[in-house]
Amino acid sequence: MSASTNAIAAAEAHSAHNYHPLPVVIASAEGAWMTDVEGRRHLDLLAGYSALNFGHGNRRLIDAAKAQLDRVTLTSRAFHHDRFADFCTRLAELCGMETVLPMNTGAEAVETAVKTARKWGYRVKGVPEGLAKIVVAADNFHGRTTTVISFSTDPEARADFGPYTPGFQIVPYGDLTAMSAAMTAENTVAVLLEPIQGEAGVLVPPAGYLEGVRRLTRERNVLFVADEIQSGLGRTGRTFACEHEGVVPDMYLLGKALGGGVVPVSAVVSSREVLGVFRPGEHGSTFGGNPLACAVALEVIAMLNTGEYQRRAEELGDHLHRELGLLAGTGAVRAVRGRGLWAGVDIDPARGTGREISERLLERRVLVKDTHGSTIRIAPPLTISKEDLDWGLDQLRAVLSD
């Protein structure tokens, strides 16, 4: 048996089956390339679902982490530490907002936003206790906690996990009329949306949709919460995907790339009025805003402030979508969606399921991941070279022509 086979068998024997990984076992990685336990190199066109926007082993991020490791890694929020204020200040500036509430994972950021919106609704808007409603979009993916899956429309995410948390209304994504109808009640406290729906297949809403949602939320005194956990921090060619429509929400939810693929870091960023509804003891996290996380995230923010990574995502993204558009013209690809270095590719089902296409690409040393039937997602590190990206696309062409 190979080293990979042994490692996979051991994992199958002692881990819960909550994921269905591709049959590859990674031992090391650098830039856009990962090396398995047999020493074979694979081009990473997934980037940890955007957690690795800056590539594997980015020197600036690793050096920042190493320097902090020698100083202090955790104080809990029982005490102040010397990286916290700088992190909150710099992240608020990046977002054009005032206040930051740090957590660890994306799902924690979403849960924090739900609690924030409800408390704001009761304390500021005057919604009767227990009646706060949040409007969300069908086909969303905001995490896997019990509350979050309560407003999911994915049967796989919801089945056998009830009873579900009330207080949410689901409307079709991209349908401004349905959104307006759902926001008529005085008890609506927030609209929670992904500016681009990632798990659904990198769905970009119709032009003007986000702008329309922003207008409605202002008119009706409702918070607009943008889940930019996957779409934010450079992925789409802008710091935030909302910028493509000139929209600034009331609250950004950030994660994944904020930790640089080194440590889990997430945050809710908003105004002082909104996040100011919390009082000490009402919400928190032992690891949220820890010194190590702050040190890495500060370096991420500094890198984004150069604009280099947003420009690369825009320029290489234009190239990616041109090349994928040519594939769509062959009939092997039914549709291509996305922005920047992020694409959902609907493969002709006659060529295979998304899983089968991903496995065939793995045989050619290219790593992508499927979602929903015959769709694959492409989201390489923003640091990928044009030559490596083209090589990966050549492998996709070869797989589709087989």
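Strand E5 (133–137) is largely enclosed by the rest of the structure, because five of its five residues are buried, that is, under 20% relative accessible area with a 1.4 Å probe and protein chains only. Helices (H or I, at least four residues) and strands (E, at least two) are DSSP runs, numbered from the N terminus. The model is predicted: local features need pLDDT of at least 70, side-chain atom pairs count only at pLDDT 80 or more, and totals for chains, interfaces and linings use all residues. Residues are numbered from 1 along each chain as its sequence is written, and side-chain values use heavy atoms, with hydrogens and water left out.

In a regular strand the side chains alternate between the two faces of the sheet. In E5, both faces are covered: Lys-133, Val-135 and Ala-137 are buried on one side, and Ile-134 and Val-136 are buried on the other. E5 runs parallel to E7, to which four bridges join it; two strands count as paired if DSSP finds at least two bridges between them. E5 also pairs with E6 in the parallel sense, over four bridges. Val-135 takes part on both sides, standing opposite Val-191 in E7 and opposite Gln-169 in E6.

Several loops contain backbone features of note. Most residues other than glycine have a negative phi, and most peptide bonds are trans. Asp-139, in the loop between E5 and helix H6 (146–149), has a positive phi near 65°. With a relative accessible area of 45%, Asp-139 is partly exposed, a class that lies between buried and exposed, the latter meaning over 50%. The loop between helix H7 (155–158) and strand E6 (168–171) contains Pro-163 and also Asp-160. Asp-160 is not a glycine, yet its phi is positive, at about 70°. The relative accessible area of Asp-160 is 78%, so this residue is exposed. The peptide bond from Gly-162 to Pro-163 is cis, with omega near 5°.

A further loop, between strand E7 (188–193) and helix H9 (209–219), holds Val-204. Val-204 counts as partly exposed because its relative accessibility is 29%. Leaving aside neighbours within four places in sequence, Val-204 is in contact with Ile-196, Gly-338 and Arg-339, where contact means heavy atoms within 4.5 Å. Between Val-204 and Pro-102 there are 102 residues in sequence and 28 Å in space, C-alpha to C-alpha.

An open sheet is formed by four strands in the order E11-E12-E15-E14, with antiparallel pairing. Its edge strands, each pairing on one side only, are E11 (333–338) and E14 (369–371). On average, neighbouring strands of this sheet are turned by 30° against each other, direction ignored. Within the sheet, strand E12 (residues 343–347) and strand E15 (residues 375–378) run antiparallel and are joined by four bridges. Thr-375 in E15 is the bridge partner of Asp-346.

Helix H14 (residues 386–401) packs with helix H12 (residues 308–328) at an angle of about 15°, with the axes 11 Å apart. Here axes are lines fitted to C-alpha atoms, for helices over the stretch in contact, and angles run from 0 to 180 degrees between N-to-C directions. This angle makes H12 roughly parallel to H14; angles under 35 degrees count as roughly parallel, over 145 as roughly antiparallel, 65 to 115 as roughly perpendicular and the rest as oblique. On the H12 side, Leu-316, His-319, Leu-320, Glu-323, Leu-324 and Leu-327 meet Lys-386, Leu-389, Asp-390, Leu-393, Leu-396, Arg-397 and Leu-400 of H14. The residues of this contact divide into eight nonpolar, one polar and four charged. Ala, Val, Leu, Ile, Met, Phe, Trp, Tyr, Cys and Pro count as nonpolar, Asp, Glu, Lys and Arg as charged, and the others, Gly among them, as polar.

Helix H13 (residues 354–363) also packs with H14: their axes come within 10 Å and cross at roughly 120°. H13 and H14 are therefore oblique to each other, and their crossing is right-handed. Ile-357, Arg-360 and Leu-361 in H13 meet Gln-395, Leu-396, Val-399 and Leu-400 in H14. Five nonpolar residues, one polar and one charged make up this contact of H13 with H14.

Terms used:
Left-handed = near helix turned anticlockwise from the far one by under 90°.
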